[in-house]
Amino acid sequence: MEEEMHTDAKIRAESGTGSSPRGPGCSLRHFACEQNLLSRPDGSASFLQGVAEKSRERLIRNTCEAVVLGTLHPRTSITVVLQVVSDAGSLLACCLNAACMALVDAGVPMRALFCGVTCALDSDGTLVLDPTSKQEKEARAVLTFALDSVERKLLMSSTKGLYSDTELQQCLAAAQAASQHVFRFYRESLQRRYSKS
């Protein structure tokens, strides 16, 4: 009975019944909500509004799956929970970096570390690394790359806006160079953590 009620509530929430009014001046995106996801907390919920969050989730999942050595642990589920506390820009890159560090902290075996780097191109074609929210809004294009730590190979890219092939290659090269700093930060952060114990 409880299982049926939970499934019914989930279906109602996902269909957005009564939660997405449309009309002049009122345009809400699709809502989805699932409650009681976690067993230990007193309450937990997952809330989704619009497709951007689902798209971001898929990009992060695909990136993690590309590096995690899942064959070493068959029939094992890995859940990465990312909570956005604030968004000062370059959110997808920050989520990728948080996911990588969480996997490392959990001791999940990976073939390489990965990091996210965001680039923005303004109207003049000037490239800005790690743009703020304001810079992203004013940018002609925003490109986010996930790169591995071994060969700086591209694992994932997410782009928005207009850019040329040359600008894409420039942004990728800048992201690959910037990834060295992110991986150095990972190393230093892990050294600080484990030197205390």
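Here are a few numbered notes on this structure, which is a predicted model.

1. Let's start with strand 5 (114-121). Of its 8 residues, 8 are buried, so the strand is largely enclosed by the rest of the structure. Look at which way the residues point: Phe114, Gly116, Thr118 and Ala120 go one way, while Cys115, Val117, Cys119 and Leu121 go the other, and all are buried.

2. Which strands are joined to strand 5 by bridges? One is strand 7, which runs antiparallel to strand 5 and is joined to it by 8 bridges.

3. Now for the charged pairs: the structure holds 4 salt bridges. One of them links Asp148 and Arg111, with the closest N and O atoms 3.6 Å apart. Asp148 sits in strand 7 (residues 141-148), and Arg111 is in the loop between helix 3 (91-105) and strand 5, so this pair ties together parts that are 37 residues apart in sequence. Is each partner buried or partly exposed? Asp148, at 2% relative accessibility, counts as buried, whereas Arg111, at 41%, counts as partly exposed.

4. Glu138 and Lys134 form another salt bridge, at 3.2 Å from N to O. Both residues belong to helix 4 (residues 133-138), and because they are 4 residues apart there, about one helical turn separates them. Both Glu138 and Lys134 are exposed.

5. A further salt bridge brings together the side chains of Glu167 and Arg140, 2.8 Å from N to O. Glu167 lies in helix 5 and Arg140 in the loop between helix 4 and strand 7, so the pair ties together parts 27 residues apart in sequence. Glu167 is buried, with a relative accessible area of 14%, while Arg140 counts as partly exposed at 28%.

6. Finally, find Ser189, also in helix 5 (residues 165-195). Why does Ser189 count as partly exposed? Its relative accessible area is 21%, and the buried class takes in values under 20%. Ser189 and Met101 are 88 residues apart in sequence, yet their C-alpha atoms are 9.5 Å apart in space.

How values were computed: Residues are numbered from 1 along each chain as its sequence is written. This is a predicted model: local features need pLDDT of at least 70, side-chain atom pairs count only at pLDDT 80 or more; totals for chains, interfaces and linings use all residues. Side-chain values use heavy atoms; hydrogens and water are left out. Helices (H or I, at least four residues) and strands (E, at least two) are DSSP runs, numbered from the N terminus. Buried means under 20% relative accessible area, exposed over 50%, partly exposed in between (1.4 Å probe, protein chains only). Two strands pair if DSSP finds at least two bridges between them.
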